[in-house]
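Please consider the following structure with attention to its charged and aromatic side chains. The briefing below is grouped by topic.

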Amino acid sequence: MARRPVTPRRTSSRRRHDDDNVVVEQSEQGRWVGGIHFSGFSLMMMALLVLGVVVLAPNLKALVEQRQQIADLRQQVAQQKDDVEDMRRERERWDDPTFVQTQARERFFYVSPGEISFIVINDLDETFLPDTTDPISDELTTTNVDWASSMLTSIMTAAFTPVEEKDTSKTPTPTPTETSTEKK
């Protein structure tokens, strides 16, 4: 068999239409779309791909949510372990008799037998105190205040005012200090 001479293919991006002799340029996108051929196999594979996404998406979502919950719970466990360690240290501090004695002195003003306790009242600097140089009157004065309604208003205000809870976990606990027993 004889071979036919190979004619070079036209690689030009221009095509002529016989009807109206208009030159149309074929773009890269047009060539790509024109090269796609749908066969039964490719349609079946695309359908399987879509079905796989539909079936697996909820399970993947549940997996991600469960991983997030596990991470949150691990963080809570770590925080609780830290809290338990802080409470253990606090309990050990209260087992020390010196610390208990210091707390009793500072909080409740307890003293040991034979000691004398002095509590300084109004130990502010004179500059912070109000000016009391006004003359004192010798006459008695009366006020026109209904004490019963004032007392009732005070009681009602105290009864129905919401109580703000204070966060005592952030309150620093005092540490005992060593006192020197030097004699002069």
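**Salt bridges and aromatic pairs**

Arg89 is partly exposed, with a relative accessibility of 43%. Its salt-bridge partner is Asp86, with 3.1 Å between the closest N and O atoms. The model is predicted, and it contains six salt bridges and two aromatic pairs.

- Arg89 and Asp86 are three residues apart in helix α2 (residues 40-94), a separation of about one helical turn.
- Asp86 is partly exposed, at 40% relative accessibility.
- A network of salt bridges links Glu85, Asp86, Arg88, Arg89 and Glu92.
- Arg93 pairs with Glu90 in a salt bridge whose closest N and O atoms are 3.7 Å apart; both residues lie in helix α2, three residues apart.
- Arg93 is partly exposed at 22% relative accessible area, and Glu90 is partly exposed at 25%.

- Arg105 forms a salt bridge with Glu115, the closest N and O atoms being 2.9 Å apart.
- Because Arg105 belongs to helix α3 (residues 97-108) and Glu115 to the loop between α3 and α4 (147-160), the pair ties together parts that are ten residues apart in sequence.

**Aromatic pairs**
- The ring centres of Trp94 and Phe99 are 4.9 Å apart and the planes stand at 80°, so this pair is edge-to-face.
- Trp94 is partly exposed, at 33% relative accessible area, whereas Phe99 is buried, at 2%.
- The rings of Phe108 and Tyr110 form a tilted pair, with centres 5.8 Å apart and planes at 40°; both residues are exposed.

**Confidence**
- The chain has an average pLDDT of 79, and 74% of the residues score at least 70.
- Residues 16-24 have a pLDDT below 50.
- Where pLDDT is low, the predicted coordinates should not be read in detail.

Technical notes
Residues numbered from 1 in each chain as written. Heavy atoms only, no water. Phe/Tyr/Trp six-rings, centres within 6.5 Å; stacked < 30°, edge-to-face > 60°. Buried < 20%, exposed > 50% of the residue type's maximum accessible area, 1.4 Å probe, protein only. pLDDT = per-residue confidence, 0-100. Contact = heavy atoms within 4.5 Å. Salt bridge = Lys/Arg side-chain N within 4 Å of Asp/Glu carboxyl O. Helix = DSSP H or I, 4+ residues; strand = E, 2+ residues; numbered from the N terminus.
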